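Subject: The structure we talked about

Hi there,

Here is the structure I promised to pass on.

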Amino acid sequence: MLPSTASRPATAHTGQTKVPGLFVGMLRVFEHNLISYRRMWLTLASGVFEPLMYLLGMGYGMGSIIGDLSFRGDVVTYAAFIGPGLMASSAMNGTLFDTTYNFFFKLRESRQYDGMLVTPLTIGGLVGGELSWAVARGAIYSAFFVLTLIGLDLAEPLHALSAWPATLLTGWAFGAVGATLTSYARAWTDFDIMELIVQPMFLASTAFFPLTVFPEWAQSIVWATPLFHAVDLTRALALGTAGWSDLVHVAYLVVMGLVFGVLARRRLSRLLLE
Amino acid sequence: MTLVTARTGDPVVKAHNLVKLYGEHRAVDGIDFDIQPGETFAMLGPNGAGKSSTMKMISTVSPVTSGELRVLGLDPAADGRRIRARLGVVPQEDILDMALTVRENITVYARYFGLSRTEARHRADELLQFVQLADRADDQVRPLSGGMKRRLSIARSMVNNPELILLDEPTTGLDPQARHLLWERLYQLKRQGVTLLLTTHYMDEAEQLADRLVIMDRGRIVTEGTPRSLIETKCSRDVVELRFGEPALGTDDPDDGAARAETAAAHLRLRSERLPDRVLVYADDGDRALAGLAEHDVSAASTLIRRATLEDVFLTLTGRTLVE
Ligand SMILES: Nc1ncnc2c1ncn2[C@@H]1O[C@H](COP(=O)(O)OP(=O)(O)OP(=O)(O)O)[C@@H](O)[C@H]1O
Ligand SMILES: [Mg+2]
């Protein structure tokens, strides 16, 4: 039995019909991920719980030793201090995981992207869709964080909510960097190098200590790292002390996301359309 | 080289002096061909001949280095998306999504072509029937056998009702039954007016399916024609196959039976070809050639006289076997 021509999609067979465009392409890639991950909700769930464990363990455990801290002149509990910091870090980790390990797998191992590109999907749609998915995944993690901050009374509900968009920006900026770096990776072991950069950045990012504990020379180094901007912005919003000066953080992350987004797109065209 | 044009009308694919460079390496080195609507066109050639490279350029995922290429009347560089919307592609290696079920592998791809979810599901069920995988629709892809994966790839390539399907070695790894099923399905598509471009290492497949074919070697087209016309014009009618006992490894001893057969053939003014396991002697009258060889004291362990095939055409033209 031959597939009936009755089911022939209206889009096929005529030269001037509408072909799905960039935005639709992104949506399809997103949907593709959604279906793939439907059976992997456990993987997703682990991403929610890990940073929460940090918050409970460090925030309350260490917090009882450290006591209160001052952030921009306000005195806050240690848990309230690290909560937003961990929220920003988990947004980074969520997207980085997708745009590094998962991206590499589909790019080099399963070569799935090659298969997706013999459809009307373009490289722009592919990169945009994968990045949006990564950001959405990070956004789910940070949404749980927002609820936790509110539930544990570590932030005013409205302030906690206002910090949520900052984690989307964070996820996008780091996702674009992750995708770009992954395009240079040749083997799985190359990601060890990335861990060597990410881990120290995480520890020094002011997620756990205020910037002022560092000596002056080290402060400027920390200030230059992207995670510092993500943490400081998220914390300022969550603790309700955000001001115009925080736009510097926004600008840093936006520029990072744009520059690396364009780079990732260019790199992938070179790799996939050779 | 004469162009055997099957039908008139705008060609579905038209290549003129098409070149593909990978760095310095000329994977495709200036080829000309056209594929007419409804035609089944085959590309043969040894490993590395440039078949897949040509297919990738046609499917717009590999930029043309130089020369002209038109697919469905459009320019791949400018109209890639529009071309791909009307194309079906079965790559040489199956690229299936292991995180999805068999059916989802089709429905998810259908969405990239703009089908609604209902249409996609309907289409997937039809196509799975078509390649006889309906009973595996809800299974995971990983445990499928190689031949089943291949059939799924083929089903997936048809999700958008393509006008042109590119099949890169579609039957490699299929058992004879699956291969015949596929041939039959390709015939059906052909009857429906779908244009097919396929590569293969199997001569019988090319003879069975192709209206026209090209033989490629080292990035160039060596010859072009219908399977029959190539056999008739490029090769002798008969081929005598002579097999000898195990030759000593790496020796070219003139006493060696194979070498003696080659000399004898030369004396008889017959062309011969020495393969690792046998010697082929080309002659229009196989029986007479065999008798002549016997007169020259050629005694093979076994002999066979058969009609020439496409494989012999290829050997004649390039001195190499198709499957290396
Ligand atoms: N992405 C690539 N980068 C560099 N060289 C390539 C690339 N793809 C193919 N080549 C080279 O181009 C030449 C032609 O390769 P191609 O895959 O087109 O051959 P083929 O005719 O399909 O061979 P086979 O029968 O083995 O599939 C080969 O020498 C190959 O090494
Ligand atoms: Mg090939």
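This is a predicted model: local features need pLDDT of at least 70, side-chain atom pairs count only at pLDDT 80 or more; totals for chains, interfaces and linings use all residues.

**Helix packing in chain A**

Let's begin with α2(A), residues 41–66, and α3(A), residues 78–109. Their axes come within 9 Å and cross at roughly 155°, which means that α2(A) is roughly antiparallel to α3(A). The crossing of these two helices is right-handed. On the α2(A) side, the residues that take part include P51(A), Y54(A), L55(A), M58(A) and I66(A), and they face a set in α3(A) that includes Y78(A), I82(A), L86(A) and S90(A). Sorted by class, the contact of α2(A) with α3(A) has 11 nonpolar residues, 4 polar ones and no charged ones.

α3(A) also packs with α7(A), residues 190–204, at an angle of about 175° and with the axes 12 Å apart. So α3(A) is roughly antiparallel to α7(A) as well. From α3(A), the contact draws on residues including L86(A), S89(A), M92(A), L96(A) and F104(A), while α7(A) contributes, among them, F191(A), M194(A), E195(A), V198(A) and F202(A). Here the residues divide into 10 nonpolar, 3 polar and 1 charged.

Chain B holds an open sheet of 6 strands with mixed pairing, in the order β5-β6-β7-β3-β8-β9. β5 (87–90) and β9 (220–225) stand at the edges with a single partner strand each, so one side of each has no neighbour in the sheet. From one strand to the next, the twist averages 15°.

Within this sheet, β6(B), residues 164–168, pairs with β7(B), residues 195–199, in the parallel sense over 5 bridges.

Which helix lies across β3, β5, β6, β7 and β8 of chain B? That is α1(B), residues 51–58, which runs at about 150° to β6(B). Another helix, α5(B), residues 146–157, packs on the sheet too and touches β5 and β6 of chain B. The direction of α5(B) makes about 165° with that of β5(B).

Best wishes

Conventions. Residues are numbered from 1 along each chain as its sequence is written. Chains are lettered from A and ligands numbered from 1 in the order in which they are written. Side-chain values use heavy atoms; hydrogens and water are left out. Axes are lines fitted to C-alpha atoms, for helices over the stretch in contact, and angles run from 0 to 180 degrees between N-to-C directions. Helices (H or I, at least four residues) and strands (E, at least two) are DSSP runs, numbered from the N terminus. Angles under 35 degrees count as roughly parallel, over 145 as roughly antiparallel, 65 to 115 as roughly perpendicular and the rest as oblique. A crossing is left-handed if the near helix is turned anticlockwise from the far one by less than a right angle, and right-handed if clockwise. Contact means heavy atoms within 4.5 Å. Ala, Val, Leu, Ile, Met, Phe, Trp, Tyr, Cys and Pro count as nonpolar, Asp, Glu, Lys and Arg as charged, and the others, Gly among them, as polar. Two strands pair if DSSP finds at least two bridges between them.
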